[in-house]
Structures are given as C-alpha cells and as structure tokens.
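These are my notebook entries on one protein chain. I set out to look up its overall layout and then a few single residues.

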Amino acid sequence: MNKTPDTSQGYVVLTGTVEPEDGMFVSYCPELGVASCGDTVEEALDNLGDALAVHINALEEIGELDRVFRENQLKVITAPAPTESVSVSVPPGKTVRAYTQTVPPVIVS
C-alpha cells in the first residue's frame, strides 16, 4: 500500500481522563501517554490540552509525528476540526474530555 503525504491541515481526536491524587487532579491522555495536573478538574484538563499541543509540536519538530501516530494507531481526520463537540465513550465514574487537536500534515494511509 502506497502512502502519500497529506498537504492539508487535519485533526486528531484525543481523550483525557482526570482523577484525584494527593490533593490535586492528575489528567492523562492514553493515546499519547501525556500527563498533566491542576488544582481543579477543569485546570487539570486545560493543562493537559496545552501539554498535548506542545507534545505534538515537539514530535513534528523532531520528525517523529508520523511514527508516533502510526504506532498508536491514531487517525488524522483530513477535514476542518469541528467547532462544536465530538462524541467519545465515557467509562462510568470517569471524568473525560475529548480534544480535537489540529495537527500538521502527516503521512496518511
């Protein structure tokens, strides 16, 4: 199967979970293994969104974005990111946020 570079912007949908830990809240994105924290649930999830953006930019800068996305089976959706909301399955008792993270062009199968 041939892969061709996608020259348009796209987005990826990532999830973040948050749990209390030692008087703070720890947020985690299982798709990329990125974590953050905050004093409130909202702050922990907001900080995770910032950390995801930094992580994706760093992966692009070092030329590893395609490999990491491929290894984690992340699909880049080659359309404008939605301005409304996206749906994700939420396990009972978990606080989850879906992130639509704009990503630079990557190799799309």
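The entries below go from the whole chain to single residues.

Entry 1, the model. I noted at the outset that this model is predicted.

Entry 2, the layout. I counted the elements of the protein chain and found 2 helices and 6 strands. Following the sequence, I wrote down their order as β-β-β-β-α-α-β-β.

I then turned to contacts with a separation of 6 or more: 61% of them join residues 24 or more positions apart.

I located Asp22 in the loop between strand 2 (10-21) and strand 3 (24-29). Its phi is near 50°, which is positive, and Asp22 is not a glycine. Is Asp22 buried or exposed? I recorded Asp22 as exposed because its relative accessibility is 76%, and the cut-off for exposed is over 50%.

I found Gln73 in the loop between helix 2 (65-71) and strand 5 (95-103). Gln73, also a residue other than glycine, has a positive phi of about 55°. With a relative accessibility of 72%, Gln73 counts as exposed.

I placed Thr15 in strand 2. Thr15 has 15% relative accessibility and therefore counts as buried, since buried means under 20%. Which side chain does the side chain of Thr15 meet in a polar contact? I found that the partner is the side chain of Glu31, at 2.8 Å.

Conventions:
Residues numbered from 1 in each chain as written. Predicted model: local features only at pLDDT ≥ 70, side-chain atom pairs only at ≥ 80, totals over all residues. Heavy atoms only, no water. Helix = DSSP H or I, 4+ residues; strand = E, 2+ residues; numbered from the N terminus. Buried < 20%, exposed > 50% of the residue type's maximum accessible area, 1.4 Å probe, protein only. Polar contact = N/O pair within 3.5 Å; in protein donor to acceptor, adjacent residues only side chain to side chain. Contact = heavy atoms within 4.5 Å.
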